Amino acid sequence: MPASEPLLVLEQIELRWPHSPMFAALDWRVPAGAALVQGGPGSGKTTLLRLLAGTAAPTRGQVLLHGAPVQPAQVFWPERDAAGTEQMVVRDWWRTVAARCPAWDPSALERHVAGFTLEAHQNKGFFMLSTGSRRKAWFAAALASGAPLTLIDEPLAGLDLASRRYLSAAIADAAQQAGRVIVVAHDAPLADVPWTALLALPDRE
Ligand SMILES: Nc1ncnc2c1ncn2[C@@H]1O[C@H](COP(=O)(O)OP(=O)(O)OP(=O)(O)O)[C@@H](O)[C@H]1O
């Protein structure tokens with residue numbers, strides 16, 4: 001498949017909340033690489049990631065990955081995959097992620113541990129970590145997972161400047177892996193990430 005062929009395709013997605021439409025006839029075609037869902041507060045960024053992760057179902061339309069309906073196991077989304085891990089030790093959680101991700105890259109994880117300065121936190125329980133450290137542990141796993149579809153919501157929230165810079169570089173690097181799409185939801189493009197697709201969501205509020 002040529003590199004510019006879309007790997008992730010959203011076709012005619014419709015989602016309605018009880019009192020308002022959220023998406024109507026939404027089409028998006030995403031080639032391999034890093035893709036940005038851009039919008040202000042309440043524009044629907046997280047809802048779109050939920051549709052991609054399969055934790056929300058569209059009322060119409062479909063999400064295709066590599067030409068077939070996306071399967072939850074092909075997706076890594078920290079908000080879903082790290083749910084209920086508060087009592088787990090970070091390294092133990094990484095081991096469980098590694099066991100379920102066929103393309104897990106242990107050397108990438110070690111790079112991310114160093115890049116996010118997680119050395120002192122990896123043997124602690126999640127409940128002991130600050131929000132920023134917890135999110136860095138999530139992102140280290142997401143990027144090392146090799147998942148065909150990786151979702152990163154609010155990439156900069158809670159991160160110090162050095163970690164923000166490292167995250168951008170690590171997203172750009174992981175996005176070069178063949179057959180991989182990394183979707184980032186944020187209100188603006190991260191510097192230094194070459195975006196292969198952009199979906200701008202209109203303001204709703
Ligand atoms: N389960 C739900 N039922 C009804 N409305 C919902 C539901 N989930 C989200 N919404 C509404 O959908 C809209 C989009 O929410 P969403 O969280 O996707 O936006 P967002 O762009 O991620 O916002 P933010 O940047 O503030 O996190 C909001 O108006 C929100 O109140």
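How many nonpolar, polar and charged residues does the shell around the ligand have? In this predicted model, the shell has three nonpolar, six polar and two charged residues, and the views below begin with that site.

**View 1. The shell of residues around the ligand.** The residues around the ligand include Trp 17 and Met 22, the run formed by Gly 39, Pro 41, Gly 42, Ser 43, Gly 44, Lys 45, Thr 46 and Thr 47, and also Arg 204. Helix α1, which spans residues 45-53, supplies the largest share of this shell, with three residues.

**View 2. Helix α1 and the residue that follows it.** Within α1, the residues Lys 45, Leu 48, Leu 49, Leu 51, Leu 52 and Ala 53 are buried, and Lys 45 also belongs to the residues around the ligand. Just after the helix, Gly 54 takes a positive phi of about 85 degrees.

**View 3. The largest nonpolar core.** This core has 62 residues, and those with the most contacts inside it are Leu 52, Ala 140 and Val 183; helix α5 gives the most to the core, with eight residues. Leaving aside residues up to four places away in sequence, Leu 52 touches Val 63, Val 70, Val 75, Leu 149, Leu 151 and Val 183.

View 4. In general, an α-helix has 3.6 residues a turn, so residues three or four places apart point the same way.

**View 5. Gln 74 in the loop between β5 and β6.** Gln 74 lies in the loop that joins β5 (68-69) to β6 (75-76), and this residue is partly exposed, with 17 other C-beta atoms within 10 Å. Not counting residues up to four places away in sequence, Gln 74 touches Leu 65, Ala 147, Pro 148 and Leu 149. Gln 74 and Gln 176, which are 102 residues apart in sequence, are 17 Å apart in space, C-alpha to C-alpha.

**View 6. The annotated domain, residues 8-203.** The unreviewed UniProt entry places the feature "domain: ABC transporter" at residues 8-203. Over these residues the chain is 32% helix and 28% strand, and the end C-alpha atoms are 24 Å apart.

Key. Residues are numbered from 1 along each chain as its sequence is written. This is a predicted model: local features need pLDDT of at least 70, side-chain atom pairs count only at pLDDT 80 or more; totals for chains, interfaces and linings use all residues. A residue is near a molecule or strand if its C-beta atom, placed from the backbone, lies within 6 Å of it. Helices (H or I, at least four residues) and strands (E, at least two) are DSSP runs, numbered from the N terminus. Ala, Val, Leu, Ile, Met, Phe, Trp, Tyr, Cys and Pro count as nonpolar, Asp, Glu, Lys and Arg as charged, and the others, Gly among them, as polar. UniProt positions are given in the numbering used here, feature names are shortened, and annotations may be inferred rather than shown by experiment. A nonpolar core is a set of buried Ala, Val, Leu, Ile, Met, Phe, Trp, Tyr and Cys residues joined through C-beta atoms within 7 Å. A residue is buried if 20 or more other C-beta atoms lie within 10 Å of its own, exposed if 12 or fewer, and partly exposed in between; C-beta atoms are placed from the backbone. Two residues are in contact if their C-beta atoms, placed from the backbone, lie within 7 Å.
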